[in-house]
Each structure stands twice: as C-alpha cells, then as structure tokens.
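Please read this short report alongside the sequence and the 3D structure.

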Amino acid sequence: MSKTINLIKANASNPKVWIVAGITVAGILLLADTTRRRRRKAIIIQRQDFGAFLERFDLIPFPQPPTPPAKLPLQGLTFAIKDIFDVKGYVTGFGNPDWRRTHEPSDKMALVLTALLQNGAKCVGKTVMDELAFGIRGENKHYGTPINPKVQSNIPGGSSSGSAVAVAAEFVDFALGTDTIGCIRIPASFCGILGFRPSHRAVSTIGLIPHSQSLDTIGWFARDPSVLHRVGHVLLKVKAVEPKRERRLVFADDLFQLSKVTKQKTVYVVSKAIEKLSGYQPPQHINFSQYVASNVPSLKAFGQNSTNLQYGISALKALSSVMVSLQSYEFKTNHEEWVKNVKPRLGPEISHRVLAAINTKYENVKVLYKVGTEMRAALQSLLKDDGILVIPTIVDPPPKLNSMKDYSTEFHDRACAVLSIASMSGGCQACVPLGNDAGCPVSVSFVSYHGADKFLLDAVLDMYASLQDQVSIASKSVPLPDVNGNMDASQW
C-alpha cells in the first residue's frame, strides 16, 4: 500500500498512474473483505457446532442381511468419537497437532467403533479433546475450547470435552470419550448430561491410544437414559435379562459436605425419588473417607497433615495423590520417548503436567498398584451385590473460561478427591444431571463395584424419571436450611 502512495506522489499528473493505483487499492480492499468474510464464516461454522468437532465424516452402519431377524439396538442413532480412537484411514491426533504430524493414518478400526457400527449406529466425526488426554478443563490451545451449551461463559470440562458438548448441543445422540481420572464424569457434570464410566477393562481398549492403562476406561455420554442404557448393553456385551435385585443406596455424607451445592438439590432429591419406587431398601449413610482410611491400609504411606481429620478427608486426599502418581508414571512409560524426541508445543497447563510426569523419578511403584487392589476390595465389601454409593460428581461449579483464578490447585485437589473413588477401585460410575444451581448444571453420581455395570445402568434407567420429577419439585420449593452446612474451602 505504501508503494502505491509513493507512486502517486511521484507521478501525480499522469492519469494512467491514477488508474493503476485505483485498481491496486480496490484489489487490496477486495482481498481484505474476502479475508474478513472467510474469518467470519469460520467463526460461524465453529459456533454452529459449538467448537465440538475436529473433523466431520460419515461412517455408516455395517451392511445387514436382507431380512435381519430384529431391529438393531442402535439403529437410527448418531454418535461422535473423541480424537483418541483409531478410525481406519484417519490419523488419530490425540488432541495435539504435533502428535498428528508425527503419526500415520490408522490401518485399523477401534473395536468399540466396530461394535457400534455393527449394531446400527452412524458415526459423524471426531471431537476436540484436551491435549494428550492430560487435562480436566476441556480447553485446547490449538483447536479451541468447545463451548459449554449449558453455560457458555464457563469451561465444558475435559478431557472428553468435544464429545460432551456434541451431545449437550444435540448434534448427536451419544458420544464416546475416555475416562482416566474423570474425563467423562467432569464434562458430563459441567454440561448437564448423562455420563457413564464403566468398570476398568469392561470395554475393550484395542484401538485406543493409551494414556494410563491401569486407569483408562472407555465411557460414553447421552441425553436420554434409554440411549445410555442401550449403548452400554452393546459395549459391555451383557445379557439382556437378569434377575432383578433390590437396590441399597449408600450416601457418602462427608463428600456432600465438601460440595458447594446445597443437599436439598442432591441428597434430598435422590432420597425422595427412591421413596416413589419399588425395589429399594431404606437408604444408608456413611462417612466414606473414614471408611477408606480404615480399609485401605497402604494409604498410610501417603498420609498428609490435614486440618480436617475429623472428616477423614485426608484419606481421600492421599487416594487422589496415588491416582495422580499412577497416571503420571504410566504416561511416562508410554510416551516419554515421543515427548523428548518431538518436543511438542503444548498449552501451559498441559505442558506443566507432561513435564512433571516425564521428569519425576518414581520409587516404590508397587505400592501404587497395591492401593488400587485394596480400594477395589474395600468398595466390594461395602456395597456387596446390592449397594450403590451416592456421591457428588464434582464438588465445585465449572470455572470461568480462560480464568486460572477459578482453577487453582485447590480446585484440582478437591475434584480428584471424589473422582479417585471409581478410578482407583476400578468400579463403574454414572453421572446424572439434577437441574441447576446458581446458573450452573448440578449432578450426582452413582458408583458401584467392579463388574456391576449392568446393575448400575438398570438402576439409573429405573430412577431417572423420578429423579427429574423431584428436581422439578425442588426447584419450586422454599430452600431448606442445610443442617450440616458446607465445608469451608479454607478447611480443605
């Protein structure tokens, strides 16, 4: 542009120069306008899918015989998958462009994807995730942060953020994600949808990039409990009919003490919901942290000083510490060579966690696995074959976007305390939305022992309508005093 102006000054009396200059300026303005239109179009496209999708494609259900014996269980349903599953002919990007650049397209299909296509579902694309599955916020420096449809000023939660957003925004009927230390449960809670983390190794992880094999599970999101249930039956390969068992709910009162949501919107709602249903024993209440302290002896090696010993919270803080150490150790085992060779560009939070995992020397690793074995036995002993533990999915509301002020070490530690229960026991957990509080989604979680997946899915399907009825009643009721109060953050 400056060259054009200089040309005009030097040849102001020459009309041909004015013509050339006019054409040049018009071209520049046209190019600028075109660029703006492209950018605007890109923004519109991103907003139309809430930034959930990384790439779109259509994988149609596998061909069926001319006259199939019955309707396929997932026929007519659409789904999306996290960018951690192998799709034949596509690069599995693991949420990071440097990973995508240094890997070839897959020559195989993840087993879970094959199972869903065989049962009539259609896959419509891959979704955005936290880089290397190492975050719980749902933000991605390179591909953008999917927009939380329920509260757009707040994070969606991660690392399976795009899959949760795709379901919450009603782009698909269900979506696949993974859960290591909460990557299904956090976004399900923050986006106000159903989420299911199955028992460890209950669903095949063949065709999945490993993050931490002792904790990794393949989970799924849905808005409709019947869809959540049907997907579970396909992936878990459970028997269609089993004898119905009575259910016994066990409320972890100390964990609801941690939550910033009043118990009128959680404990009270669940208690009233099961009063209306048959097949439920009177609910029980427990200080779960103290139960863990008494029944997982190896945690003593990870004991921490706490100002809240009366709540027994130090045991869950120790359990979450073991979980994070195990995650980091196995991530290092899987990916240290790639990280050191490629030196990938990572967002600040992810970079911090990756470098910490890679640079830490891990000693006495066996005790980490021993804690997991003891935790699984402790949960089985508590719940037996009829019990379901009731806990808050996460104890804090979703932090604001791009605000590290809301995302402190305290937030991470408080989240991991409740998330470590299913992760370290290998049990199954269902996250169920219960309306809103202060403009943010509220949820509660039902946890059962390893292998009780069908039992838990059946229970969620049975309770769901009654739960939502009670949510509606509670939203119109005068707030009740929270007798025990909430644990002050400073006490944590």
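## Overall make-up

The protein chain has 15 helices and 11 strands. Helices (H or I, at least four residues) and strands (E, at least two) are DSSP runs, numbered from the N terminus. Of the chain's 492 residues, 55% count as buried. Buried means under 20% relative accessible area, exposed means over 50%, and partly exposed lies in between (1.4 Å probe, protein chains only).

A contact means heavy atoms within 4.5 Å. Among contacts in the protein chain between residues at least 6 apart in sequence, 78% join residues at least 24 apart.

## Confidence in the model

This is a predicted model, in which local features need pLDDT of at least 70 and side-chain atom pairs count only at pLDDT 80 or more, while totals for chains, interfaces and linings use all residues. Residues are numbered from 1 along each chain as its sequence is written, and side-chain values use heavy atoms, with hydrogens and water left out.

The predictor's confidence in each residue is its pLDDT, from 0 to 100. The mean pLDDT of the protein chain is 88, and 84% of its residues reach 70 or more. Over residues 23–32 the pLDDT is below 50, and this stretch has four contacts in the model beyond near neighbours in sequence. Residues 487–492 also have pLDDT below 50, with 16 contacts beyond near neighbours in sequence. Where pLDDT is low, the predicted coordinates should not be read in detail.

## Helix α4 and the loops

Helix α4 (111–118) is mostly covered, with six of its eight residues buried. These are V112, L113, T114, A115, L116 and L117. The buried residues of α4 pack against the strands β1 (53–59), β2, β3 (122–127), β4 (174–179) and β6 (217–222), and against helix α7 (225–236). Just after α4, G120 takes a positive phi of about 100°.

M109 lies in the loop between α3 and α4. M109 counts as partly exposed because its relative accessibility is 24%. Leaving aside neighbours within four places in sequence, M109 is in contact with D86, V87, K88, T114 and L117. M109 and G207 are 98 residues apart in sequence, but their C-alpha atoms are 6.3 Å apart in space.

D86 is found in the loop between β2 (78–82) and α3 (97–101). Is D86 buried or exposed? D86 counts as buried, because its relative accessibility is 10%. Not counting residues up to four places away in sequence, D86 touches T92, S106, K108, M109, A110, L113 and G207.

## Helices α11 and α14

The axes of helix α11 (residues 313–342) and helix α14 (residues 409–425) come within 8 Å and cross at roughly 75°. The two helices are therefore roughly perpendicular to each other (angles of 65 to 115 degrees count as such). By class, their contact has 11 nonpolar, four polar and no charged residues. Among the residues that meet are L316, L319 and M323 in α11, and H412, C416 and S423 in α14.

S423, in helix α14, counts as buried because its relative accessibility is 2%. The side chain of S423 reaches the backbone oxygen of L419 at 3.4 Å. Not counting residues up to four places away in sequence, S423 touches D179, T180, I181, R185, R197, L215 and M323.

Definitions and conventions. Axes fitted to C-alpha atoms, helices over the stretch in contact; angles between N-to-C directions. Parallel < 35°, antiparallel > 145°, perpendicular 65-115°, else oblique. Nonpolar A, V, L, I, M, F, W, Y, C, P; charged D, E, K, R; others polar. Polar contact = N/O pair within 3.5 Å; in protein donor to acceptor, adjacent residues only side chain to side chain.
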